[in-house]
Amino acid sequence: MLPKLKISSLLLKRLEQVKQQCSGCLFGVFYGEGTLLLLGFNVESTIGQLNYEQIQHKFPAEVDLCGLVKFGDCSDAEAHLSEIFKDVDITDNPILLHCELGTLVGLRASFLMHGKLEEVPYEVMEEEQLYGDFCFTRLKFSWTIYTEDNALAVRKEMHALRKTISGGSLAFNVEPTKVFITSGGVQGVAYSGHKSKAINNDSMITDVMAAVQAAVHFNQEDKENARENRKSKKSMASDIKLSNVYGAVGCDFDVLGIEVLRSKTREFNDTDNITNTLPAMSMCLKPGEKKYAIPVELEPMAILNKSTKLSRLYDILIESICRALRLCEQSITENLEENERKILKVPKTYNFFPREFGHFISCCYLEGVSDDEASMQNKRKRLHRHFGLSVMRPYFRRSNVCMFRNEIGADEPLLNTHLGLKASGVSEGKLYLVQGNYHYYHYLQQQMQDKGWGCAYRSLQSICSWFLLQGYTERPVPTHLEIQQYLVKIGDKPQNFKGSSQWIGSTEVSMCLQGFLNVDSKILHVSSGAELSTLASDLAMHFQTQGTPIMIGGGVLAHTIIGIDYNVQTGQIKFLILDPHYTGDDDLQTIQSKGWCGWKGMDFWDKKSYYNLCLPQRPIMY
């Protein structure tokens, strides 16, 4: 019986953007009673030095090679067909997609059945369903390998490590529960004393998620009970969204945090002589042999359908570690083989979430090798080409790495404060919003007494945070003093400007963006707040093509525009505003309900004041 075929709507959008004749590999997840979900692809398995086997290790565990995609009348697809089909392991029926160039019209899907291609229908899985039906596991794992400084020795040691890990020496704990996963099975409860149904091999991922919700809720109640005179609305464990607890910023997937446990002893059987068996580790070196200790840091991930039985979870987690180890092996050996100086460098894996993908991608980079070095730029360029991504913007720089919510410091400004706002109220309007993540900077943060004069500084900081979080820079967000020192340095301000409480405007903001980040800006002017509606088309185009926050200054006030809702027929427009004049605690509910981040109409702007707008432009980089 042929699998049931589903294709992610995000994948279809990416396929539609390919406009040259080529072929590539398809990657998907097989789940349930014979359903194949296509999630990703790479273009031309022969481009560069990477092949589809190595590309697969960048996907989360459970996302596997499942077939071939052919664009237009690509002739080399037939040559790749048999080669790729023989390596498909997750199904006996590899798939072939045939796409026309630049369109989804005429898209055909065929499964290989008894040596012949049989065309089949497919369903489209929309983003919302993808986030609802699937989740990810994430664990942190570190180990030390001892190896000589040559590629052959590294491959040998990595193979031995994967063999050791696959031998049952690891166990796992689903944080923050008392659910444990070993090679012998799964067992546990949400927390000590919890009276719900115990988790076992027959339980499903949804049961573990419910246990995590219960444990998080229990811990939250403990904290609230510890606070005196604290009145809070009674919440339910089921109200907790795991994407908001352990998930990645800018990603709606639920994520399960997994702790890795190492076995310190082993079980003895009847044939063992316990008195004569001592736990020990030894390393034998040949004369003249020199080995180096290399720490390996991993963050393996796996994708799971929420109806998956827990009896499969141990093997999936082990596979996620082995994939990450293969990425590390690839990075270390490539460096040794490509460089004359045989210097071993420490590998570290990073997880990225390109929004266009709808899934995570992992990369391994070597410590001490800068993102701006030619070798790293070439590696990222190959990745962009493999995944059909633009080379105009960064996706896989270290500063693009996912931020997971449970690891964000309490002193960090709030992220993406517009998410969860009610609709603007513009009838049949179209939304044009900031693309990506940003921090909300406002008065009195970082112990800075800037009330009454620092609004434009705060707007600049919010904009700088956007460039930092999107991977365009590794430079920290500048302080008020650093901003003032730079303006004095370039001769725009006198010496007494440093340490003062003097305002800055959109022109100074553009100068600082150029000086700190090498970012150019477009400046727009209107003579009255009543004329801002005439810029609607310009703002819409900006958010579509650049997607950066906009600083607007008028009179003595500055704000940050992070979107508009615009009806081109009626001319009605509302502006999504980050207001830097807020002086309270970083409480999202207060900020949204009181309008410090919210939709504003034309009456928000002063009709008697002129306005200058600073529209930062994305640099071309990858």
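The side chains of Arg138 and Glu407 meet in a salt bridge at 3.0 Å, N to O, where a salt bridge is a side-chain nitrogen of Lys or Arg within 4 Å of a carboxyl oxygen of Asp or Glu. The pair links distant parts of the chain, with Arg138 in strand β9 (residues 134-139) and Glu407 in the loop between α9 (374-386) and β19 (430-433), 269 residues apart; helices (H or I, at least four residues) and strands (E, at least two) are DSSP runs, numbered from the N terminus. By the salt-bridge rule the count comes to 22.

This is a predicted model, in which local features need pLDDT of at least 70 and side-chain atom pairs count only at pLDDT 80 or more, whereas totals for chains, interfaces and linings use all residues. Residues are numbered from 1 along each chain as its sequence is written, and side-chain values use heavy atoms, with hydrogens and water left out.

**Domains and annotation**

- The chain is divided into domain 1 (4-125), domain 2 (134-223 + 237-264 + 291-400) and domain 3 (430-616), with bounds that come from an automatic or database domain assignment.
- UniProt, in an unreviewed entry, places the feature "domain: UFSP1/2/DUB catalytic" at residues 430-614, a span that is 29% helix and 21% strand and whose end C-alpha atoms lie 22 Å apart.
- The annotation "domain: UFSP2 second", also from an unreviewed UniProt entry, covers residues 294-407; this span is 34% helix and 19% strand, and its end C-alpha atoms lie 26 Å apart.
- UniProt positions are given in the numbering used here, feature names are shortened, and annotations may be inferred rather than shown by experiment.

**Interface of domain 1 and domain 2**

- The C-alpha centres of domain 1 and domain 2 lie 25 Å apart, and the contact (heavy atoms within 4.5 Å) takes 28 residues from domain 1 and 31 residues from domain 2.
- The area buried between the two domains is about 2,700 Å², of which carbon and sulfur atoms give 61%; buried area is the accessible area (1.4 Å probe) that two parts lose on being put together, summed over both.
- Across this interface the rule finds two salt bridges, and 12 residue pairs in polar contact, both residues at pLDDT 80 or more.
- A polar contact is a pair of N or O atoms within 3.5 Å; within protein, one must be able to donate a hydrogen and the other to accept it, and residues adjacent in sequence count only if both atoms are side-chain atoms.
- On the side of domain 1 that touches domain 2, α1 (9-16), β2 (22-31), β3 (35-43) and α2 (52-56) each supply at least two residues, and β3 gives the most, with six residues.

**Local backbone features**

- A cis peptide bond with omega of about -5 degrees joins Glu175 and Pro176, and Pro176 lies in the loop between β11 (170-174) and β12 (178-182).
- Leu444, although not a glycine, has a positive phi of about 75 degrees, and its place is in the loop between β19 and α10 (455-469).
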